[in-house]
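Me: I'd like to learn how to read a protein model feature by feature. Could you walk me through one?

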Amino acid sequence: DLSIMLNAIATMAFFVPILQVAWILSDGGKRRVASQALVLIMALAGGMCELIVSLMSLGIRSTVIGWFGNSDFFNLENWIEEDSGDMIGWRVLELVY
């Protein structure tokens, strides 16, 4: 879980050098401002998407460990009838996770 958060923070921290390079390449905002702004916007959009994915991944991982780590909390083994051993719940969890 710590590695996911560090990855999200590192992705957000990567924006500063991209902003600096875009500013330097635009010669202080005098040349090709639109193309450098587009690079910056694309980097920000990609980073925000990566941040959202990291946070959602962290949430689903903690949910799976918290709820489904204890098999007594949810019945994942017998969905059709009692003592059938169909394991449909585990299959569904595998598809979703």
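Reply: Let's go from the overall fold down to single residues.

Me: Before that, what kind of model is this, and how are its residues numbered?

Reply: This is a predicted model, where local features need pLDDT of at least 70 and side-chain atom pairs count only at pLDDT 80 or more, while totals for chains, interfaces and linings use all residues. Residues are numbered from 1 along each chain as its sequence is written, and side-chain values use heavy atoms, with hydrogens and water left out.

Me: OK, how many helices and strands does the protein chain have?

Reply: Helices (H or I, at least four residues) and strands (E, at least two) are DSSP runs, numbered from the N terminus. Here the protein chain has four helices and zero strands, so reading from the N terminus you get α-α-α-α.

Me: What radius of gyration does the protein chain have, and what would a compact globule have?

Reply: The radius is taken over C-alpha atoms, and the globule rule is 2.2 Å times the number of residues to the power 0.38. For 97 residues a compact globule would come out near 13 Å, but the protein chain has 22 Å. Its C-alpha trace spans about 75 × 25 × 10 Å along the principal axes.

Me: And how much of the protein chain is buried?

Reply: Buried means under 20% relative accessible area, exposed means over 50%, and partly exposed is in between (1.4 Å probe, protein chains only). Of the 97 residues, 21% count as buried. As for the surface, worked out by the Shrake-Rupley method with a 1.4 Å probe, with only the protein chains shown counting as cover for residues, the protein chain exposes about 7400 Å². Carbon and sulfur atoms supply 68% of that area.

Me: What share of the contacts joins residues 24 or more positions apart?

Reply: A contact means heavy atoms within 4.5 Å. Among contacts with a separation of 6 or more, residues 24 or more positions apart account for 45%. Valine 64 and arginine 31 are 33 residues apart along the chain, and their C-alpha atoms are separated by 51 Å. Valine 64 lies in helix α3 and is buried, at 15% relative accessible area. Isoleucine 9 sits in helix α1 (residues 2-13) and counts as exposed at 52%; its C-alpha is 27 Å from that of alanine 34, 25 residues away along the chain.

Me: Which residues of α2 are buried?

Reply: Look down the helix axis and note the arc, which is that of the directions from the axis to the C-beta atoms. In α2 the buried residues are Phe15, Ile18 and Ala22. They fall within an arc of 65°, so they line one face of the helix. The face turned away from that buried side carries the exposed residues Trp23 and Ile24.
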